[in-house]
Amino acid sequence: WVVNVIDAIRSARADNQIPPASKLSVFVTDASPETRACIEKHGAAIAKIARIGAWDVGNIGEGIQIVVGEATYTLAYESTVDPAIERARLTAAIAAVSKERDALAGRLGNPAFVEKAKPEAVEKARADHGEKAAEAERLQAALARLG
């Protein structure tokens with residue numbers, strides 16, 4: 001659980017270009033008694049590793065939302081992120097990645113390419129398509145988490 005929470009917080013910070021040195025407040029909602037106990041027991045360690053300034057369990061905050069288990073963790077971005085600028089950046093990145101993904105899908109959907117190209121080229125196109133599709137999903141999730 002501890003590793004999953006730290007990983008989710010770090011990923012959200014990276015996806016939203018929040019400086020690693022900035023300490024964030026984290027609001028936790030919908031936490032089970034077990035999760036609350038884990039936060040109480042491991043909160044200080046998580047705070048140190050994930051650069052959390054304060055935990056606020058039970059209250060709702062505004063910011064980037066992530067879900068680990070049943071609980072929702074909201075990273076309060078306060079002055080570290082301008083939501084409008086970040087939305088525009090993520091939207092542009094999604095458009096660029098989606099365009100590349102769709103171009104690869106078009107190439108792979110062309111029977112002439114699949115039949116005439118070297119097998120390595122077809123495999124590379126499939127792998128690239130998968131990577132672009134995964135990146136588009138990750139960016140969409142980051143945009144949704146922005147709140």
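Y73 touches W1, V5, V26, F27, V28, T35, I39, W55, I64, Q65, I66 and V68, not counting residues up to four places away in sequence. This is a predicted model. Y73 is also among the residues with the most contacts inside the largest nonpolar core.

**The largest nonpolar core**

- This core has 22 residues.
- I9, V28, Y73 and L75 have the most contacts inside it.
- Helix α1 gives the most, with five residues.
- In soluble globular proteins, nonpolar side chains tend to be buried together.

- Another core lies apart from the largest one.
- This other core has six residues, including L90, I94, V97 and A142.

**Where α1 meets α5**

- Helix α5 covers residues 119-145.
- The axes of α1 and α5 come within 10 Å.
- These axes cross at roughly 90°.
- Angles of 65 to 115 degrees count as roughly perpendicular, so α1 and α5 are roughly perpendicular to each other.
- From α1, the residues in contact are S11, A12 and D15.
- From α5, their partners are R138, A142 and R145.
- By type, the residues of this contact divide into two nonpolar, one polar and three charged.
- A142 has a part in two places: it belongs to the six-residue core, and it is one of the α5 residues that meet α1.

**D30, a loop residue**

- D30 sits in the loop between β1 and α2.
- Is D30 buried or exposed? Its relative accessible area is 58%. Exposed means over 50%, so D30 is exposed.
- D30 touches E70, A71 and T72, leaving aside residues up to four places away in sequence.
- D30 and I60 are 30 residues apart in sequence. In space they are 9.8 Å apart, C-alpha to C-alpha.

**A45, a helix residue**

- A45 is found in helix α2.
- What is the relative accessible area of A45? The value is 41%.
- A45 and E86 are 41 residues apart in sequence. Their C-alpha atoms are 29 Å apart in space.

Conventions
Residues are numbered from 1 along each chain as its sequence is written. This is a predicted model: local features need pLDDT of at least 70, side-chain atom pairs count only at pLDDT 80 or more; totals for chains, interfaces and linings use all residues. Side-chain values use heavy atoms; hydrogens and water are left out. A nonpolar core is a set of buried Ala, Val, Leu, Ile, Met, Phe, Trp, Tyr and Cys residues joined through side-chain atoms within 4.5 Å. Buried means under 20% relative accessible area, exposed over 50%, partly exposed in between (1.4 Å probe, protein chains only). Helices (H or I, at least four residues) and strands (E, at least two) are DSSP runs, numbered from the N terminus. Contact means heavy atoms within 4.5 Å. Axes are lines fitted to C-alpha atoms, for helices over the stretch in contact, and angles run from 0 to 180 degrees between N-to-C directions. Angles under 35 degrees count as roughly parallel, over 145 as roughly antiparallel, 65 to 115 as roughly perpendicular and the rest as oblique. Ala, Val, Leu, Ile, Met, Phe, Trp, Tyr, Cys and Pro count as nonpolar, Asp, Glu, Lys and Arg as charged, and the others, Gly among them, as polar.
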